[in-house]
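Visitor: I have the structure open. Can you walk me through a few spots?
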Amino acid sequence: MQSSIVAKYAEAGPPWYTIYPAAPHFSASVGAKACEEWLRRLPAKEPVSLYLHIPFCRSLCWYCGFPTTATRRDAPILDYLTVLREEIRLVAEQAPQALPVSDVHFGGGTPTLIGPAGFLALMELLRHRFAFRKTATIAIEIDPRTFTGEMAEALGTAGVTRASLGVQSFDPLVQNAINRVQTEAQTKATLESLRQHGINCVNVDLVYGLPNQTVQSCVQTAAAAVALRPDRLAVFGYAHVPISRKNQRLIEEAALPDIAARAEQAAAVAETLVTAGYRQIGLDHFALPDDQLTLVQQAGRLRRNSLGYSADTPETVIGFGASAIGRLGDGYVQNEVATRTYSRNIRAGSLATAKGCRLTGEDRVRAAIIERLMCDLEADVPAICAAHGFDPIPLLNSAEGLAMLAKDGIVDIKRGCIRVRQEHRFVTRAVAAAFDTYRHRPAC
């Protein structure tokens, strides 16, 4: 990998493109009334995904970029759970009948902090308000430092099928620098407990680009994670944005690796995982050869949305909780980020939608191109445009920077089909950004 090329495109800092347009370009002109209308227009028989955001942790990790609050008490979590249940009722009542559910995702924060009883009751409510398919998958994010055997049993009883364990790094020096001390033993015990209760699809999250991190420590962490033999691993690059994330101001910037070092770390982790038998999925995921993600990627059916990479995820995602993002037929909606404001709106009997984006035809075709690039590292632009009734020529001509990407050897372009070269897969976001017309607009 040529570090100069990586540095040239990495410095631009494009979005992660789990959704398009990205959330900073959502507008307050899309509010609760629009969300209600869009919910009422959802097709009654088409499956939906549900996302529930639990914005609480026992302690705050300094690297975290998600909206979450540290609390040692259970009272705020229980109060939030009461409001969340009310939001589920309000949303479900907008649909003419119980919508069919194909998958449910619990994120945070630390979703397991709601406890066994709270989780079981929440799942019972969801099953009452929605029509779960027999094959519905239920996924949850877990912090091994606070996980208990009782919670593992509750997850198994509730039918959870997938779990994602936060690890980030096993290096003590890095852990102290990000305020997240977690042993390999804790992680192993959590994974074993999950499997004992029938939760056999487990993902491990790793992060590169953290303070005091080196190529060697990244490889050692990856090797330790491989020894646990999770089904999947997600390898993310740390995004340092202390202006918007106050907790990141506690990180010593001088200890952060530079762009070239980050690229070396990412490449070394990828090599370690591939050598261990994992297949690279899209930009930053890895899965065993018989995992569903691997199989759908081979079949050309890998999807990417606000829930990450998935297999044939429905177009509709309904988000619950503070800051949750949903995608309805007409566009995107996002709830109030502040827990207090979110709760006030729900308690008043209104949806908590703060902003959103009404998708145009052009937004949809650009989103489809970006999704294929992020999933397959290639996109047949003329074919995608034909499926959406668009002329590909003006769209290709307006793709800012595409010619330079080709000149620099990042992509190959043939008859409108764009392919990212394997050695440059880590700058795929820069290729996707060529089709992002919102990129240089001011955030709303």
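Visitor: How do β17 and β19 pair?
Guide: β17 pairs with strand β19 (residues 417-420) in the antiparallel sense, over 3 bridges. Strands are DSSP runs of E with at least two residues, helices are runs of H or I with at least four residues, and both are numbered from the N terminus. Two strands pair if DSSP finds at least two bridges between them. This is a predicted model: local features need pLDDT of at least 70, side-chain atom pairs count only at pLDDT 80 or more, and totals for chains, interfaces and linings use all residues. Residues are numbered from 1 along each chain as its sequence is written, and side-chain values use heavy atoms, with hydrogens and water left out.

Visitor: Which residue in β19 is the bridge partner of Asp380?
Guide: Cys417.

Visitor: What is the strand order in that sheet?
Guide: β17-β19-β18, an open sheet of 3 strands with antiparallel pairing. The edge strands are β17 (378-380) and β18 (411-414), and each pairs on one side only. On average, neighbouring strands here are turned by 10° against each other, direction ignored.

Visitor: Which helices lie across β17 and β19?
Guide: Helix α12 (residues 361-376) does, running at about 140° to β17. Helix α13 (residues 381-388) also lies across β17 and β19, at about 50° to β17. Axes are lines fitted to C-alpha atoms, for helices over the stretch in contact, and angles run from 0 to 180 degrees between N-to-C directions. Contact means heavy atoms within 4.5 Å.

Visitor: New topic. How do α3 and α11 cross?
Guide: The axes of α3 (residues 75-92) and α11 (residues 339-347) come within 9 Å and cross at roughly 50°. The two helices are therefore oblique to each other. Angles under 35 degrees count as roughly parallel, over 145 as roughly antiparallel, 65 to 115 as roughly perpendicular and the rest as oblique.

Visitor: Which residues meet there?
Guide: From α3, Asp79, Tyr80, Val83, Leu84, Glu86, Glu87 and Leu90. They meet Thr339, Tyr342, Ser343, Ile346 and Arg347 in α11.

Visitor: Now Thr294. Buried or exposed?
Guide: Thr294 is buried, because its relative accessible area is 2%. Buried means under 20%, exposed over 50%, partly exposed in between (1.4 Å probe, protein chains only). Thr294 sits in helix α10 (residues 292-298). Not counting residues up to four places away in sequence, Thr294 touches Arg279, Ile281, Ala287, Leu288 and Pro289.

Visitor: And where is Thr161?
Guide: In the loop between α5 (149-158) and β6 (162-168). Thr161 counts as partly exposed, at 29% relative accessibility.
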